[in-house]
Amino acid sequence: MSEALLKFENVSKSYGDFNVFTDISLEVHEKEVVSIIGSSGSGKTTLLRCINLLEPFQAGKIILDGQEIGYHEVNGKRKRVSEKEIAKQRAMTGMVFQQFNLFPHMTAKKNVMLGLTHTKKMPVAEAEKLAEKWLSAVGLQDKMDNLPGQLSGGQQQRVAIARAVAMSPKILLFDEATSALDPELVGEVLNVIRNLAKEGATMILVTHEMRFAYEVSDKVIFMDSGKIAAMGTPKEIFEERPTERLREFLATFNTGKAE
Amino acid sequence: MNYVFNWTVIEKNIGAMIEALGFGLLMAVVAIAAGSVIGLLLAFLAVSKSKAAKRAVQLFVTIFRNTPILILVFIAYFGLPTIGITLSKVPSFVVTLALYSSAYMEEVFRAGLEAIPKGIIEAGQAIGLTRWTIRVTIELPIMFKKVLPSMGNYLISLFKDTSIASSITVGELTYLSKCLTTQTFRVFEIWLTTGALYVVACYLIAFILRRIEKRFV
């Protein structure tokens, strides 16, 4: 297999004395879809936020596209890179949040354009075209000039996905993208993610949608108390259920096993 | 009631009174504009990570918000010259009002900044925006919308505080009225008119602010 697009090398994260996760190593290859499952508090969201450098981490290396991100060595000491560098590295990843986090004072189109014009320094006309293209791709061609407050949760999350994808990141990170949605709105968002997977986007999904994870993933990671407790193909994780802890966890989801 | 009203003094001086009111308004606009800029900088310091900066802002606000404006004006105009800082009365008053208003504005802006959900700022970081861009394109517009109504209240209140300038003989409306009363003794007519002029001015300010609010919110 080719060199991994994203690599964790013995990454550890703690808040004071509390270890969120310890000694995590994993690889994500280009065009791979990886789902991370696990109970709340298992460290999966924090792990995702470390890739986006929204959380500092204390040890180990995260390597994205051959480049270590977030930290570098200065005279043998591990130091966080400059704010400017961090902003650049963040633009290599796209993040979709549980709470959508759209900019409430900007229209859907402006939400998508902001990163293009300011981070990518794209001319406004070009950014506008690209924003329109992506908003249409997520089915919101009629809502481009609406403010987030005028959109449903599902529509807001689709704008947020367009905002992330338009930046053409190397990897897309979804942090429980459907957890804050009313049940009847989950489908429209999952459809968008499914299409992105089909088009070959590299993605990491932190999710509670077990059936969806089974269907769309190439690899599933089960996290438990800050460790990777199991990792494998969806078939291995959801059907063979290699560990006792995983069996217990999946038993709490009645949709856990694919029918 | 056997007081006989005589409005001649008003008829003769209404033009000068309105002019003096306008001068007060001008001082207020300059002072509050400067105060807002200072207040905004202080607010950003107050929400920064530096504890020293936070404490310094707190100290500043405590001093300027808890001293009556009249005392601040006296300290600035009568006190500072004794240590070699001499400003003529108008600049002295405008600077004092600017600092006084900056303490109030800092509190308003800080509350507005703190009310912005952290996730929205993280979303800005996630698309690679620099701290400065996030500040200008995300935090400031959201914050201004949130604080516009309470800012309006302070603007009106601070405008009324320009009457304090009369205590160091700055030629705004209250000082002019004081002079007119000593010349004519038409005390009631003059102060009623003065009060009415402030009410009309404040009402107009409130009206304009409401229009602005409607447009932005």
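These entries go from ground rules to chain A and then to chain B.

**Ground rules.** I am working with a predicted model, where local features need pLDDT of at least 70, side-chain atom pairs count only at pLDDT 80 or more, and totals for chains, interfaces and linings use all residues. Residues are numbered from 1 along each chain as its sequence is written, chains are lettered from A and ligands numbered from 1 in the order written, and side-chain values use heavy atoms, without hydrogens and water.

**Chain A.** I looked up the secondary structure and found 9 helices and 12 strands (DSSP runs numbered from the N terminus: H or I of at least four residues, E of at least two). The C-alpha trace spans about 55 × 50 × 35 Å along its principal axes. Of the 259 residues in chain A, 56% are buried (under 20% relative accessible area; exposed is over 50%, partly exposed in between, 1.4 Å probe, protein chains only).

**Chain B, nonpolar patch.** I found Val200(B), Tyr203(B), Leu204(B), Phe207(B), Ile208(B), Ile212(B) and Phe216(B) in a nonpolar surface patch with about 690 Å² of accessible area together (members have over 30% relative accessible area and no salt bridge; nonpolar side chains are joined within 5 Å, like charges within 9 Å; areas are Shrake-Rupley with a 1.4 Å probe; a salt bridge is a Lys or Arg side-chain nitrogen within 4 Å of an Asp or Glu carboxyl oxygen). Val200(B) sits in helix α8 of chain B and is partly exposed, at 49% relative accessible area.

**Chain B, positive patch.** Arg210(B), Arg211(B), Lys214(B) and Arg215(B) make up a positive surface patch (Lys and Arg count as positive, placed at NZ and CZ). Lys214(B) belongs to helix α8, residues 187-216 of chain B, and counts as exposed because its relative accessibility is 69%.
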